[in-house]
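Open the model in your viewer and keep the sequence panel beside it. We will go from stop to stop, selecting as we go.

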Amino acid sequence: MKAYNTVRIEFESRSSNEGFARAAAACFAAQLDPTLEELNDIKTAVSEAVTNAIVHGYPDRLGKITMRMKLYENRVLEIQIKDWGVGIPDIARAKTPLFTTGGEDRSGMGFTIMESFTDLLRVRSEVGRGTTVTMRKLLHGRGGTPS
């Protein structure tokens, strides 16, 4: 698959930037005239991925997060969230519902939510080097079928 439009955004791991990332993803996806439900799915998945990078990737310091977005001819949106934080030692365990390293105020449902709102979720991580979360979603749009 070859992307016909791409964008890359870089921001600090401040919690205030989570809303910015959500809005940026929704604006980029708007090119495909998605339904409100599809936009909400995208914003929710991005919110979870960016929040994970902020809370778990950089638990005790600020760091850099990049968000890359691509549009493909077949109406697929790909969003990649990358951090250079502490990394995930056991991805399978981290993807287990209710597992968290973020303390009592965290639900441990981030990856589960990302999976439920996208068509593909891929997580790559290396301890001490960071994590990359890639999500893909087919957008049917308000017409109801992919073109």
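Select R22 first. At 25% relative accessibility, R22 is partly exposed. Here buried means under 20% relative accessible area, exposed means over 50%, and partly exposed lies in between, using a 1.4 Å probe and protein chains only.

A word on the model before moving on. This is a predicted model, in which local features need pLDDT of at least 70, side-chain atom pairs count only at pLDDT 80 or more, and totals for chains, interfaces and linings use all residues. Residues are numbered from 1 along each chain as its sequence is written, and side-chain values use heavy atoms, leaving out hydrogens and water.

E18 and R22 form a salt bridge, with 3.9 Å from N to O. The term means a side-chain nitrogen of Lys or Arg within 4 Å of a carboxyl oxygen of Asp or Glu. Side chains of opposite charge can pair when their charged atoms come close. E18 is buried, with a relative accessible area of 18%. Why can the two meet along one helix? They are four residues apart in helix α1 (residues 17-29), so about one helical turn separates E18 from R22. An α-helix has 3.6 residues a turn, so residues three or four places apart point the same way.

Helices (H or I, at least four residues) and strands (E, at least two) are DSSP runs, numbered from the N terminus. α1 has 13 residues and reaches 18 Å from first C-alpha to last, close to the 18 Å expected at 1.5 Å a residue. That expected span is 1.5 Å times one less than the number of residues.

Which residues of α1 are buried? They are N17, E18, A21, A24, A25, A26, F28 and A29. Show what covers these buried residues: the cover includes β1 (3-12), α2 (36-57), β2 (64-72) and β3.

Next, color the strands. β1 and β2 run antiparallel, joined by nine bridges. Two strands pair if DSSP finds at least two bridges between them. Select T6, then find K70 opposite T6, in β2. β2 also runs antiparallel to β3, with seven bridges. Pick R68 and look for its bridge partner in β3, Q80. Then zoom to the turn: β2 and β3 form a hairpin with three residues between them, and R75 in the turn has a positive phi of about 65 degrees.

Jump to E78 and R136. Their side chains meet in a salt bridge, 2.5 Å from N to O. E78 is buried at 7% relative accessible area, while R136 is partly exposed at 26%.

One more pair: select E10 and R8. They form a salt bridge, the closest N and O atoms being 3.5 Å apart. E10 is partly exposed at 45%, and R8 is partly exposed at 45%. The whole structure holds five salt bridges.

Finally, zoom out. The protein chain has four helices and five strands, in the order β-α-α-β-β-α-α-β-β. Of its 147 residues, 42% are buried.

Key
Contact = heavy atoms within 4.5 Å.
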